[in-house]
Amino acid sequence: MTEGIWIGVAGIAVVAVLMKVAGPLLGPHELPEPAVRVVAHLAPALLTGLVVADLAGRRWSAFDPALAAGIAAAGLLRWRLGGIVVPVLGAVAVTAGLRLG
């Protein structure tokens, strides 16, 4: 079983190296504008996926609605007000308020 895992890891490593080498070998090319817009949104989408996966736990068994509401409040406050202190304090207040209530 572990032999198959290591073969998979080695295969992924080889593919990653080949992809890194392919860029300079193919020459300098500019991405089309639609591709640039998609790439610009990849990092926030991946971060959101990681947060949701961590929040929900395996098979959504550890989902905490109060924590989800706190994170949503933090996102809303960050979007509307900017900064970091107010969104964090807002998230704490919402989460604690829902857990106490």
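Trainee: What should I know before I start?

Mentor: Residues are numbered from 1 along each chain as its sequence is written, and side-chain values use heavy atoms, with hydrogens and water left out. The model is predicted, and local features need pLDDT of at least 70, side-chain atom pairs count only at pLDDT 80 or more, while totals for chains, interfaces and linings use all residues.

Trainee: How are two packed helices described?

Mentor: By the angle between their axes and the distance between the axes. Axes are lines fitted to C-alpha atoms, for helices over the stretch in contact, and angles run from 0 to 180 degrees between N-to-C directions. Helices are DSSP runs (H or I, at least four residues), numbered from the N terminus. Here, helix 4 (residues 65-81) packs with helix 5 (residues 85-100) at about 150°, and their axes are 8 Å apart.

Trainee: Is helix 4 roughly parallel or roughly antiparallel to helix 5?

Mentor: Roughly antiparallel. Angles under 35 degrees count as roughly parallel, over 145 as roughly antiparallel, 65 to 115 as roughly perpendicular and the rest as oblique.

Trainee: What about helix 2 and helix 3?

Mentor: Helix 2 (residues 33-40) and helix 3 pack at about 30°, with axes 4 Å apart. That makes helix 2 roughly parallel to helix 3. Val38, Val39 and Ala40 of helix 2 meet Leu42, Ala43 and Pro44 of helix 3.

Trainee: How many salt bridges are there?

Mentor: The count comes to one salt bridge (a side-chain nitrogen of Lys or Arg within 4 Å of a carboxyl oxygen of Asp or Glu). The partners are Asp64 and Arg99, at 2.2 Å, N to O. Asp64 lies in the loop between helix 3 (42-56) and helix 4 and Arg99 in helix 5, so the pair ties together parts that are 35 residues apart in sequence.

Trainee: Is Arg99 buried or exposed?

Mentor: Buried means under 20% relative accessible area, exposed over 50%, partly exposed in between (1.4 Å probe, protein chains only). Arg99 is exposed at 51%, and Asp64 is partly exposed at 21%.

Methods: Helices (H or I, at least four residues) and strands (E, at least two) are DSSP runs, numbered from the N terminus. Contact means heavy atoms within 4.5 Å.
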